[in-house]
Amino acid sequence: MTRRAVVKGVGHYLPERIVPNSEFEKTLDTSDEWIRTRSGIERRHFAAEGQTTSDLAYEAAKHALDNAGMSVDEIDAIVVATSTPDLTFPSVGTMLQKKIGMTRGFAFDVQAVCAGFVYALTNANALILSGQCDTVLVVGAETFSRIMDWEDRATCVLFGDGAGALILKAEEGSGDNTDRGVLSADLNSDGRYKDMLFVDGGVSTTGDSGKLRMQGNALFRQAVEKLTSTAHTALTKIGLNDDAVDWIVPHQANIRIIQGTAKKMGVPMDRVILTVQDHGNTSAASIPLALSVGVERGQIKQGDLIVTEAIGGGLAWGSVVLRW
Ligand code: ACO
């Protein structure tokens with residue numbers, strides 16, 4: 001028998017305010033047509049004034065607990081992926097712990113920008129496989145609207161706010177790739193690419209939180225190659241190839257990157273969960289949001305083989321293969 005981290009519940013939350021592309025036409029030299037054709041994005045959600053990352057995380061976590069039919073007392077640990085915390089410290093994880101009324105166990109944040117959820121999921125899986133925890137709440141939550149330069153048309157039209165959450169629980173599996181749960185992971189980073197995507201402020205530099213800066217074109221060229229490669233590595237580790245994939249649940253940064261990666265993997269687009277049109281790029285929240293929406297739409301079903309893949313600032317990139 002092999003210990004597995006199996007998904008027991010999923011949930012998401014999007015702030016009420018929906019901003020269509022046309023809003024940006026009022027203040028920037030841009031158009032709905034440019035944004036749609038270059039990125040696939042049609043609208044995104046922005047958090048209300050005073051609404052924080054831990055507020056979004058709380059709503060998503062509540063939905064995931066409801067979906068799992070679990071009480072908060074059953075959760076041993078919380079891992080939150082975010083690059084837009086409420087405060088420099090404490091972690092969004094501990095703030096979420098308080099908000100959901102969890103008075104035992106532990107909570108922490110993982111920061112790997114858009115690859116954050118893949119990193120968080122891998123860490124949560126390791127906590128379960130090591131026997132440290134039986135049940136882990138894994139959250140991706142972001143308020144990227146707070147780090148936008150509203151005068152930079154090349155970035156501010158691309159991002160949105162939101163949160164998604166999964167609950168993983170230990171179960172015994174047979175040890176082969178037919179088991180439910182996390183089956184393999186592949187994580188990578190390369191700090192030499194820092195200038196492609198970064199925030200130009202921070203505690204030990206400017207003392208403020210800064211604004212996002214991106215060389216979109218250069219990043220685009222890295223993305224398809226690295227995403228395909230990490231997905232293949234994770235699949236190969238468990239003796240599977242692209243044909244086994246029921247769903248690619250990609251980081252939702254750009255429809256053209258998503259299409260390019262699916263094509264290179266030989267997976268048709270009707271087996272890719274797409275939310276980029278409605279959410280924009282929500283960084284670490286995009287994969288759990290897409291998983292939750294995919295389940296809600298009736299696309300993802302128990303037993304399906306899912307490949308998640310993401311790339312973001314660092315650069316950091318990776319992939320997790322799991323059976324739902
Ligand atoms: N409206 C109109 N024109 C614009 C806009 C805009 N909003 N933004 C840029 N342009 C212009 C540029 O100024 C440029 O004009 P020029 O040719 O006169 O210089 C032209 O459009 C083309 O710009 P490119 O950057 O070459 O456009 P591209 O086709 O590469 O699309 C985009 C830009 C959408 C950013 C794309 O490069 C991309 O998606 N890159 C990857 C970004 C990414 O994946 N980021 C997320 C990963 S990491 C994370 O999620 C945090």
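**View 1. A cis bond in a loop.** P90 sits in the loop that joins strand 4 (77–81) to helix 4 (92–99); helices (H or I, at least four residues) and strands (E, at least two) are DSSP runs, numbered from the N terminus. The peptide bond running from F89 to P90 is cis, with omega near 0°. The model is predicted: local features need pLDDT of at least 70, side-chain atom pairs count only at pLDDT 80 or more, and totals for chains, interfaces and linings use all residues. Residues are numbered from 1 along each chain as its sequence is written, and side-chain values use heavy atoms, with hydrogens and water left out.

View 2. You will find L315 in the loop between strand 12 and strand 13 (316–323). V113, in the loop between strand 5 (106–110) and helix 5 (116–129), has a positive phi, near 50°, although V113 is not a glycine. For context, most residues other than glycine have a negative phi, and most peptide bonds are trans.

View 3. Which residues come nearest to the ligand? They are T30, C114, N217, N254 and N281, out of 25 residues around it (near means that a heavy atom of the residue lies within 4 Å). A polar side-chain atom of N281 is 2.5 Å from a ligand oxygen atom. For R38, a polar side-chain atom lies 2.7 Å from an oxygen atom of the ligand, and for H251 an N or O atom of the side chain is 2.9 Å from a ligand oxygen. The protein buries 75% of the 1,000 Å² that the ligand exposes when taken alone (accessible areas by the Shrake-Rupley method, 1.4 Å probe; for residues, only the protein chains shown count as cover).

**View 4. The shell between two domains.** Domain 1 (2–173) and domain 2 (181–323) both give residues to the shell around the ligand, so the ligand lies between them; the domain bounds come from an automatic or database domain assignment. Helix 7 provides the largest share of this shell, with four residues.

Terms used:
A polar contact is a pair of N or O atoms within 3.5 Å; within protein, one must be able to donate a hydrogen and the other to accept it, and residues adjacent in sequence count only if both atoms are side-chain atoms.
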